[in-house]
Amino acid sequence: DSKLKVPNLFVVGAAKSGTTALYNFLNQHRDIYMSPLKEPHFFCTDIRRENFSNFFKNRSVSPAHLKHYLSKKRLSKMQIAFVDNERDYFQLFREHSDEKYLGEVSNGYLLSTVAAQNIYNYNPEAKIIMILRDPCERAFSQWLREFQANLSRSSNFVDDVNYDYSLNDPVYHQSSYTLVEQGLYFNQVKRYLDLFPHNNIKILFHHDLKNSPEKVKNDLFSFLNVENYNINFKKKYNATKMPRNKLIAGIFNQIRPKNPFLRDLLPKKIKSFILNIIFSSDKKGMFLLSKKEKIEIFNHFKNDINHLEKLLNVKLDQWKID
């Protein structure tokens with residue numbers, strides 16, 4: 001294959017469904033070059049940082065920090081930004097060599113009402129990957145992350161979901177976390193199926209990634225028509241950690257620097273050491289989604305799941321209430 005000029009592989013979401021794991025797996029393959037900035041959000045022109053409320057704006061990378069990042073000789077790994085112009089977007093792939101795929105992962109592309117069309121206009125031959133998770137679990141995982149960061153509205157998951165949904169704000173990060181909206185997959189998936197050839201779309205499920213990682217790996221490499229060699233598909237990435245003590249975590253989050261420049265000054269090992277003292281990966285007890293909680297929010301998703309089953313001709317019984 002000659003050098004590719006344009007990205008041709010897009011993992012479009014869903015958020016909190018295993019996209020960071022997919023990014024890391026794909027990035028290990030010699031035929032795939034993934035943007036070092038994991039989520040550039042270039043094609044979701046309806047989800048832009050400047051439209052965020054100040055609360056959400058402070059949590060994402062500023063244009064100045066993005067400019068500083070792109071000016072570096074070698075691009076280091078960075079999680080999320082909102083790249084506005086094509087020149088900057090191409091900069092993300094400047095270190096590629098002769099890989100078959102240039103790829104990126106932006107979770108906003110699934111929720112966005114325009115990203116599918118924008119990607120199609122840009123490269124109608126592109127391969128699209130999405131990974132879908134039980135929407136109740138997905139919402140809980142997202143809420144846990146906010147709770148961990150001391151940014152949830154309260155310590156009651158169901159109350160927070162219902163309040164968030166009552167804001168009736170489907171636009172990500174204006175007033176709501178879109179805890180429900182991001183799990184209403186039917187229209188999100190349909191936008192891609194309506195545009196791209198179906199053999200260029202791969203829909204994965206989070207429960208398969210968790211229970212049959214080897215099968216997902218084989219499936220994925222076959223879809224991409226790349227050599228299937230041994231990559232560790234079992235490693236967990238971006239797992240939500242819980243405060244060992246809510247009060248201490250609350251104090252920590254109050255004093256934690258919001259500015260990415262200040263955060264970058266601390267060596268990774270020290271940051272990791274501090275976070276491991278305060279947070280734990282152990283989610284036993286109250287931090288598992290209870291059946292009672294699932295029952296209380298399931299109605300938000302019930303009809304959408306039924307429509308999705310028909311659209312994809314799959315059974316999603318494990319997402320439903322017994």
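These legends go through several close-up views of a predicted model. In this predicted model, local features need pLDDT of at least 70, side-chain atom pairs count only at pLDDT 80 or more, and totals for chains, interfaces and linings use all residues. Residues are numbered from 1 along each chain as its sequence is written, and side-chain values use heavy atoms, with hydrogens and water left out.

**View 1. An open sheet is built from 5 strands in the order 2-5-1-6-7.** The pairing is parallel; strands here are DSSP runs of E with at least two residues, numbered from the N terminus, and two of them pair if DSSP finds at least two bridges between them. Strand 2 (32-34) and strand 7 (201-205) stand at the edges with a single partner strand each, so one side of each lacks a neighbour in the sheet. From one strand to the next, the twist averages 20°, with axes fitted as lines to C-alpha atoms, for helices over the stretch in contact, and angles running from 0 to 180 degrees between N-to-C directions.

**View 2. Helix 11 (residues 213-224) lies across the strands.** Helices are DSSP runs of H or I with at least four residues. Strand 7 is joined to strand 6 (residues 127-132) by 5 bridges, and the two run parallel; look for L132, which stands opposite F205 in strand 7.

**View 3. Strand 5 is covered on both faces.** Here 5 of the 5 residues are buried, so strand 5 is largely enclosed by the rest of the structure; buried means under 20% relative accessible area, exposed over 50% and partly exposed in between, using a 1.4 Å probe and protein chains only. Y101, G103 and V105 are on one side, with L102 and E104 on the other. In a regular strand the side chains alternate between the two faces of the sheet. Strand 1 is joined to strand 5 by 3 bridges, and F10 stands opposite E104. Another 3 bridges join strand 2 to strand 5, where G103 is the bridge partner of M34.

**View 4. Helix 6 (residues 115-122) has A115, A116, I119 and Y122 as its buried residues.** Seen down the axis, these residues fall within an arc of 130°, so they line one face of helix 6; the arc is that of the directions from the helix axis to the C-beta atoms. Their cover includes strand 1, helix 4, helix 5 (108-111), strand 6 and helix 9 (185-193).

**View 5. D88 is buried in the model but has no salt bridge.** A salt bridge needs a side-chain nitrogen of Lys or Arg within 4 Å of a carboxyl oxygen of Asp or Glu. D88 sits in helix 4 (residues 86-91), and R87, the nearest side chain of opposite charge, is 4.0 Å away. Lys and Arg count as positive and Asp and Glu as negative, while His and the chain ends are not counted. Leaving aside neighbours within four places in sequence, D88 is in contact with L70 and V83, contact meaning heavy atoms within 4.5 Å.

**View 6. Two loops show backbone geometry worth a look.** Most residues other than glycine have a negative phi, and most peptide bonds are trans. The peptide bond from G13 to A14 is cis, with omega near 10°, and A14 is in the loop between strand 1 and helix 1 (19-27). K16, found in the loop between strand 1 and helix 1, has a positive phi of about 60° and is buried at a relative accessible area of 11%. H41, in the loop between strand 3 (37-39) and helix 2 (54-57), has a positive phi of about 55° and is buried at 3% relative accessibility.
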